[in-house]
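Visitor: Hi, I'm new to this one. Could you show it to me and walk me through it?

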Amino acid sequence: MAATTKYPEPKENDDILLRLREDYGQAVMDLFGTDQGTKEIRPVLEVAGYTSNFLDNMRLPVHRWFRYSAGFSAEWVKWLLAERNDRELRVLDPFVGSGTTCLACDEMGISSHGIEAHPFVYRVAMTKLSYATDPERFLTKAENAFQFAKTATAQTTRYPEIIQKCYSTETLSHLDCFRQAVEVEQDGTPEASLLWMALVSSLRTVSEAGTAPWQYVLPGRRKTVPPSPEVTLRRSVQMIAADIHFMARRAKPLAKLRVDDARKCATVPNGWATLVITSPPYANNYDYADATRLEMAFMGEIRGWGDLQETVRKHLVRACSQHVPPKSVDLDAVLESPELSPIRDEIIPVCHKLSSVRLERGGKKTYNNMVACYFLDMAQTWQSLRRVCAPQSEVCFVIGDSAPYGIYVPVIEWFGKLAQAAGFESWTFEKLRDRNNKWKNRKHRVPLCEGHLWVRG
Ligand SMILES: C[S@@+](CC[C@H](N)C(=O)[O-])C[C@H]1O[C@@H](n2cnc3c(N)ncnc32)[C@H](O)[C@@H]1O
């Protein structure tokens with residue numbers, strides 16, 4: 001058993017915050033010559049709570065451009081890296097999402113490789129990693145876009161239903177003119193990507209419909225007073241300019257990001273990684289494809305929910321029931337896969353129980369298929385990680401267990417067994433918090449937890 005890792009105390013976080021606030025203030029002064037009128041774009045550098053997310057990414061420059069279910073804080077990643085500063089590190093995040101791990105590695109001057117299979121989220125992460133761009137050139141490009149948008153003719157009828165439900169005609173006209181401007185400005189430069197980001201990061205803010213901050217769109221709910229698109233877009237441009245100016249002074253663009261599949265890690269050389277830091281999808285029915293439906297529909301990449309399977313979901317680990325409808329999976333064949341042999345005796349009864357329980361439930365969700373396919377996908381991921389990790393490397397998964405329809409799935413233990421079967425030596429688990437222990441909104445009463453699974457060898 002490895003020694004338990006200690007996590008930073010609040011006092012140390014206060015030092016980090018003080019430094020961040022000072023550095024950010026200086027970056028704003030350098031860029032705009034004054035800090036007057038820039039209050040709205042300053043990140044709220046205050047600690048939200050002392051967990052693995054001890055400084056919420058939405059409070060951090062660059063990280064805050066796109067709200068995503070990140071799994072952990074960049075400051076926690078930096079802390080892990082600092083703790084290992086006595087050895088050469090090459091960090092891999094096979095589920096890099098919006099790029100938290102790679103950005104944190106850049107800030108620490110450490111090489112990293114990020115893999116993401118969701119094409120839209122990959123583009124977001126790539127754009128966040130374009131921080132080493134001249135902010136003045138970006139501001140000039142943005143100003144050109146604002147001028148173009150003033151004279152453009154809006155084409156609001158081209159948008160699909162979800163977009164019509166999320167915006168008033170006036171707001172949509174404004175957004176569409178800016179979108180046309182963003183398209184005109186696309187010339188393959190990082191500044192053009194940053195302009196795309198300014199638009200994308202404004203879409204939820206200005207929606208009149210409920211856009212749950214971290215996940216799906218709720219067109220049935222209305223916001224009372226959404227901010228004006230003009231003000232929001234300008235603020236977003238200013239925020240991005242100040243953030244890249246801040247980040248470029250403290251980070252080195254070392255990260256490599258690839259569209260790839262964690263189950264294969266095809267873009268990572270054998271034995272490359274010495275440390276893996278990641279938060280994989282949980283077996284909890286969260287649909288990463290649906291999480292970007294608003295943005296993808298607005299940008300014309302999908303017409304609606306039905307297109308998500310082909311454009312996004314089919315590339316991802318099967319962690320939601322929408323991914324595994326009844327006739328699409330031969331459950332017995334999946335359970336017989338050789339990759340599942342280390343946990344076969346345990347997973348078969350769980351899946352069979354789910355097969356019968358689902359028939360008694362209104363939604364009849366295919367959690368039986370989901371659990372089997374999820375562990376097959378993750379078993380393949382563990383095998384690929386073994387191939388790309390150097391001997392005596394460390395792997396940290398931020399992960400939680402789950403209980404679909406109240407049937408407990410021991411995710412942590414099964415991951416430990418799959419990792420060992422793939423060739424790693426040992427595993428330990430550090431619990432960070434209990435989940436599902438509040439009475440409100442509970443679908444079942446099985447106690448769950450979340451924490452760090454450390455695999456070594
Ligand atoms: C919990 S999120 C990780 C978030 C990340 N830590 C961040 O900073 O945004 C899991 C990510 O895994 C991605 N994913 C799912 N299946 C994948 C696969 N087969 N290969 C690579 N990425 C995948 C999802 O699209 C999602 O972005």
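Visitor: Which residues have the most contacts inside the largest nonpolar core?
Guide: Ile240, Val371 and Phe375 do, in a core of 139 residues. Such a core is a set of buried Ala, Val, Leu, Ile, Met, Phe, Trp, Tyr and Cys residues joined through C-beta atoms within 7 Å. Buried means that 20 or more other C-beta atoms lie within 10 Å of a residue's own; exposed means 12 or fewer, partly exposed is in between, and C-beta atoms are placed from the backbone. This is a predicted model, where local features need pLDDT of at least 70 and side-chain atom pairs count only at pLDDT 80 or more, while totals for chains, interfaces and linings use all residues. Residues are numbered from 1 along each chain as its sequence is written.

Visitor: Which helix gives the most to this core?
Guide: H15, with 13 residues. Helices are DSSP runs of H or I, at least four residues, and strands are runs of E, at least two, numbered from the N terminus.

Visitor: And what is Ile240 in contact with?
Guide: Trp65, Phe138, Leu194, Met197 and Ala198, leaving aside neighbours within four places in sequence. Contact means C-beta atoms, placed from the backbone, within 7 Å.

Visitor: Switching topic, what do the buried residues of H16 pack against?
Guide: Helix H15 (367-388) and strands S7 (389-400), S8 (426-435) and S9 (448-456). Among those buried residues are Trp414, Phe415 and Leu418.

Visitor: What follows H16?
Guide: Gly423, with a positive phi near 125°.

Visitor: Why does Thr171 count as partly exposed?
Guide: Because Thr171 has 18 C-beta neighbours inside 10 Å. Thr171 is part of helix H7 (residues 169-185).

Notes
Two residues are in contact if their C-beta atoms, placed from the backbone, lie within 7 Å.
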